[in-house]
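This report walks through one protein model, one topic at a time. Keep the sequence and the 3D view open while reading.

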Amino acid sequence: MGCSESDNTFQGEDNRSEFFKPVDPKTEVNRFSRELNINGQNIEGEMPIATNMDNTIVSGFTTSASITNDNFLFLPVTFADENNVVEALVHIKNADNYWKIPVTPINNSTNLQIGIPSHVLNGTFIVDYLLKKSDGTTSQILETQVGIVSPESECSGFSFPTISGSDGLTVKTYTLPDIGAGNLTITYNTFTIPDRVDVRYNDQWVESTGDLLSEGEAPPVKECRSVSTGDGFIGTANSFELAFDTNISNKLDIYVSGCLNNGTQWTVTVSCPQNDVTSALWYEELPDCPCSLSEIPENNQTPGFDGRWSDSFCYQIFTDTYHYGAETEIRWIPTTQGAGQQCTYDSNGNLITSGIAAGSPDRRSPGGCFPNPEHTSLDVKPWESNNDSTIACIEYLKRWPSNQGNCGNSNPVNDINHITNLIGNMSCEEVTTLFQIGSSAENADFSIVPVELILYLSGQNKNTPTNLLEMLNAVANQLNCSNNDNEQCKVLEKAIKNLTS
């Protein structure tokens with residue numbers, strides 16, 4: 001059956017997306033160059049050869065970059081005299097056209113923005129570019145090799161594959177599974193030479209190691225010799241906790257700005273997204289703790305789990321600090337990087353099932369004797385005081401719940417359920433300090449800490465003493481806290497404030 005021009009087969013607004021034919025950046029360089037999203041002028045012909053060159057104009061740039069399509073490629077350049085740099089000429093190698101881009105320098109640097117359209121295929125290309133001063137003097141021709149790569153969409157185990165890089169800007173896109181609202185963790189390690197990490201979700205900057213970028217603003221460019229924490233360039237391991245909703249957007253972009261000219265290195269790992277229903281259940285995939293040390297499985301293996309139990313002596317060094325009151329501990333370590341189990345035991349070798357002394361599962365197993373940066377960032381820092389990752393101990397013990405081992409009985413040691421009003425929002429490190437102040441072993445003559453307070457803190461007597469505030473003030477006086485600002489005095493001050501506020 002034929003159709004005439006008068007047929008009204010389709011009525012209403014056409015909401016179909018415009019179709020763009022895919023373009024290969026390696027074999028279709030002419031078209032690829034023209035279809036870049038650049039705030040500048042596209043000019044036919046070869047880029048002019050640099051004349052009146054001044055090789056001192058540019059002090060730093062990157063020789064390689066990696067990006068996914070539907071993103072902006074930023075080419076960072078630092079130079080000595082920003083006032084005279086007015087323009088950049090950008091050319092895709094072997095293309096018959098180039099771009100003229102106005103430059104407004106900021107702090108002796110610029111970030112040339114090149115938008116890679118969504119219909120560009122994976123591949124590699126080379127960008128030739130130079131800076132031009134107001135007097136016509138140009139820099140030498142700079143060259144950056146760029147790889148366009150696929151977004152990460154497959155998350156196996158506990159995380160997407162770890163990405164790593166060096167100087168310059170790397171942009172990595174993640175396609176989140178359609179699971180609705182949820183959360184994920186972005187763990188980074190910039191080691192000793194500082195780098196900057198920025199996170200973009202739903203077309204907005206949402207996290208950063210520095211000040212959050214404004215819309216349309218590019219990450220700053222810095223040489224390693226001139227970075228500072230105020231620029232967001234840091235040398236440390238830490239993480240972001242990100243809430244998302246794939247009903248709104250499932251596209252996540254990680255921008256890592258490696259400082260220039262000093263061989264910097266960095267890694268970033270994005271955890272597998274978990275929706276609001278299952279996000280707290282990551283630890284349920286781990287093996288149960290043996291109910292006693294005598295029940296550790298033969299060959300240190302638990303059937304059905306790819307890993308091993310370890311009672312390495314090096315863990316015992318940390319037990320008294322991070323699980324105060326436990327006698328010993330063992331860990332289940334996965335064969336591949338991921339979550340691990342931790343179990344602590346009392347002096348009789350029985351599993352401790354709750355309290356500060358109980359073991360806590362690890363979102364990242366520490367592996368051997370020396371904790372890896374991911375474990376420190378994801379598991380240790382939230383437990384500690386005085387950092388951006390610190391959370392209240394009450395909340396920590398909920399998010400990292402001790403495993404009960406299917407033992408059929410509870411064995412709490414240094415529990416906190418009866419002292420929630422006293423500890424308030426204290427971190428687990430601060431609560432541990434409070435228990436240490438009240439340790440009967442360290443205060444056998446009870447000259448500093450009354451026995452009644454010791455029994456209350458330890459849970460041997462869970463009834464709140466009527467003179468609790470009086471006893472805390474007395475201990476503070478015994479420790480001369482009016483003239484001291486040590487950790488014990490800080491914790492006592494918080495406890496007193498919690499009781500009086």
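Glu-28, Arg-31 and Glu-35 are joined in a network of salt bridges. A salt bridge here is a side-chain nitrogen of Lys or Arg within 4 Å of a carboxyl oxygen of Asp or Glu. This is a predicted model, in which local features need pLDDT of at least 70 and side-chain atom pairs count only at pLDDT 80 or more, while totals for chains, interfaces and linings use all residues. Residues are numbered from 1 along each chain as its sequence is written, and side-chain values use heavy atoms, with hydrogens and water left out.

Glu-35 is partly exposed at 27% relative accessibility, and Arg-31 is partly exposed at 22%. For these labels, buried means under 20% relative accessible area, exposed means over 50%, and partly exposed is in between (1.4 Å probe, protein chains only). Side chains of opposite charge can pair when their charged atoms come close.

## Salt bridges between separate parts

By the same rule, the count comes to 16 salt bridges. One of them joins Glu-44 and Arg-34, with the closest N and O atoms 2.9 Å apart. Glu-44 lies in strand 1 (residues 41–44) and Arg-34 in helix 1 (residues 29–34), so this pair ties together parts that are 10 residues apart in sequence. Helices (H or I, at least four residues) and strands (E, at least two) are DSSP runs, numbered from the N terminus. Arg-34 counts as partly exposed, at 34% relative accessibility.

Another salt bridge is formed by Glu-152 and Lys-172, whose closest N and O atoms are 3.6 Å apart. This pair links distant parts of the chain, 20 residues apart: Glu-152 is in the loop between strand 9 (142–148) and strand 10 (163–165), and Lys-172 is in strand 11. Are these two residues buried or exposed? Both Glu-152 and Lys-172 are buried.

## Strand 11 and its partner

Strand 11 (residues 168–175) is mostly covered, with 7 of its 8 residues buried. Strand 11 pairs with strand 16 (residues 251–258) in the antiparallel sense, over 8 bridges. Two strands count as paired if DSSP finds at least two bridges between them. Within this pairing, Leu-169 stands opposite Ser-257 of strand 16.

## A buried arginine

Arg-196 belongs to strand 13 (residues 195–201). Its relative accessible area is 4%, so Arg-196 is buried. The side chain of Arg-196 makes a polar contact of 2.8 Å with the side chain of Asp-198. A polar contact is a pair of N or O atoms within 3.5 Å; within protein, one must be able to donate a hydrogen and the other to accept it, and residues adjacent in sequence count only if both atoms are side-chain atoms.

A polar atom of the Arg-196 side chain also lies 2.9 Å from the backbone oxygen of Asp-211. Leaving aside neighbours within four places in sequence, the residues in contact with Arg-196 (heavy atoms within 4.5 Å) include Ser-208, Leu-213, Pro-220, Asp-231, Tyr-255 and Ser-257.

## Helix 6 and its cover

Helix 6 (residues 428–437) has 8 of its 10 residues buried, so it is largely enclosed by the rest of the structure. Among the buried residues are Cys-428, Glu-430, Val-431, Leu-434, Phe-435 and Ile-437. What covers the buried residues of helix 6 includes helix 2, helix 4, helix 5, helix 7 (451–458), helix 8 (468–478) and helix 9 (487–500).

## Two residues with positive phi

Most residues other than glycine have a negative phi. Asp-70 has a positive phi of about 60° although it is not a glycine. Asp-70 sits in the loop between strand 3 (64–67) and strand 4 (71–79), and Asp-70 is partly exposed at 43% relative accessibility.

Asn-414 is not a glycine either, and its phi is positive, near 55°. Asn-414 is placed in the loop between helix 4 (393–399) and helix 5 (420–423). At 12% relative accessibility, Asn-414 counts as buried.
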